[in-house]
Amino acid sequence: MAEDQRLGRPRVAVSSCLLGERVRHNGNHSRSRYLTDDLKPFVDWVPICPEMEIGLGTPRESMRLEQSPGGPRLMTRTSRRDLTPAMTELAAERSARLDVDGYVFKAKSPSCGIHGIPLYAGSTALSRQHRGLFADAVIEAHPLLPVEDEGRLNDAVLREAFTERIFALARLRELLESDWRPRDLVAFQSRHKMQLLAHSPVGYRETGRVVAEAGTRPREELAGAYGTAFRTAMAVRVSIGRNVNVLQHCLGMLGDELDPVRRADLAEVIGSYRARRVALSVPLALLRHHARGEAATYVQEQTFFSPYPDELGLRNHVA
């Protein structure tokens, strides 16, 4: 299997300004180096700027969310223009045809922010717990879509979690868009077993239950059920404990191929990862190194070991 097919190639929506397009309200951009330098070779971007799409242009008057009996309104600060109808209509239209594996929104934007957007009454910010109007509609329409903003992607844990999910969903999309057969779904599940287990043991069992119906359940119905179960499982945050469980499972698969000294060394490194003394990349590298025969084939095929291009180096941080 070719490398691109094994890893998948995500299609990711992104606020245009994060790619360096000068569409901010002040005529500038907010280029994210992780997106434009690190991820760019491996993903296909779908740039979106809702303000430009509703005809505001740039530079433009700044906006904010304001309280109203009918819910938050998107208002320009000086001219008091109500942009809510246009932005709501655009969000509904965009959401209906959005076919992507993830979305990176512009942080702190009253249209695109996904965390901590203030809601005003007069000059007073009543709360800072809202989402931007456009982002909120997209997320409500696609609750299992991986979403982040560029600010949170500066956090190593959140960056790794988001990147892992978009590559997993890209592989799922590519499978379901192909002329797949039941055996292809079985093979897909087999390759993702350890990755699913690290996210959600419940999701691991549910995806396995759906795959067991391959060949007997109508094809489209099977695809829909599996897609929902897979996305739901991948939306659960990975924990150190579940990663340790997977690592120990893989260590057990090595069987008698390891002498007692090497087995003890591997167990010690897994323990060091559990104690947050080493990064996940360390036990993963050792397991790959020591795997032989059937165990080597299993390790090489498991997406848990290479969920995205190794060049991204996202598992080198200590939790």
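**Close-up views of a predicted model**

View 1. Let us start with Arg171, which sits in helix H6 (residues 156-177); here helices (H or I, at least four residues) and strands (E, at least two) are DSSP runs, numbered from the N terminus. This is a predicted model, in which local features need pLDDT of at least 70 and side-chain atom pairs count only at pLDDT 80 or more, while totals for chains, interfaces and linings use all residues. Residues are numbered from 1 along each chain as its sequence is written, and side-chain values use heavy atoms, with hydrogens and water left out. Arg171 counts as buried because its relative accessibility is 3%, where buried means under 20% relative accessible area, exposed over 50% and partly exposed in between (1.4 Å probe, protein chains only). Leaving aside residues up to four places away in sequence, Arg171 touches Arg6, Leu7, Gly8, Phe188, Arg191, His192, Gln195, Thr303 and Pro307; contact means heavy atoms within 4.5 Å. Pro218 lies 47 residues from Arg171 along the chain, and 21 Å separates their C-alpha atoms.

**View 2. The parallel sheet.** Four strands in the order E2-E1-E5-E8 make an open sheet with parallel pairing; two strands pair if DSSP finds at least two bridges between them. Its edges are strand E2 (44-48) and strand E8 (147-149), each of which pairs on one side only. From one strand to the next, the twist averages 25 degrees, with axes being lines fitted to C-alpha atoms, for helices over the stretch in contact, and angles running from 0 to 180 degrees between N-to-C directions. Look for strand E1 (residues 11-15), which runs parallel to E2 and is joined to it by five bridges. Here Arg11 stands opposite Asp44 of E2.

View 3. Strand E6 (residues 117-121) pairs with E7 in the antiparallel sense over four bridges, and Tyr120 has Ala125 in E7 as its bridge partner.

**View 4. Strand E3 and its partners.** E3 and E4 run antiparallel and are joined by four bridges, with Arg64 opposite Met75 in E4. The hairpin of E3 and E4 has six residues between the strands, and in it Gly71 takes a positive phi near 115 degrees. With E6, E3 pairs in the parallel sense over two bridges; Leu65 stands opposite Leu119 in E6. Met63 and Leu65 point one way from E3, Arg64 and Glu66 point the other way, and all are buried.

**View 5. The largest pocket.** The largest pocket holds about 410 Å³ of space. On a 1 Å grid over the protein atoms alone, a pocket is an open set of points where a 1.4 Å probe fits, with protein on both sides within 12 Å along at least five of seven lines, and lining residues have an atom within 4 Å of a point. Grid points are joined across faces, edges and corners, and a volume is the space filled by probe spheres set on the points. Among the 25 lining residues, Arg24, His25, Lys108, Ser109 and Pro110 are the closest to the centre of this pocket. Helix H3 (50-53), strand E3 (63-66) and E6 each give two or more residues to the lining.
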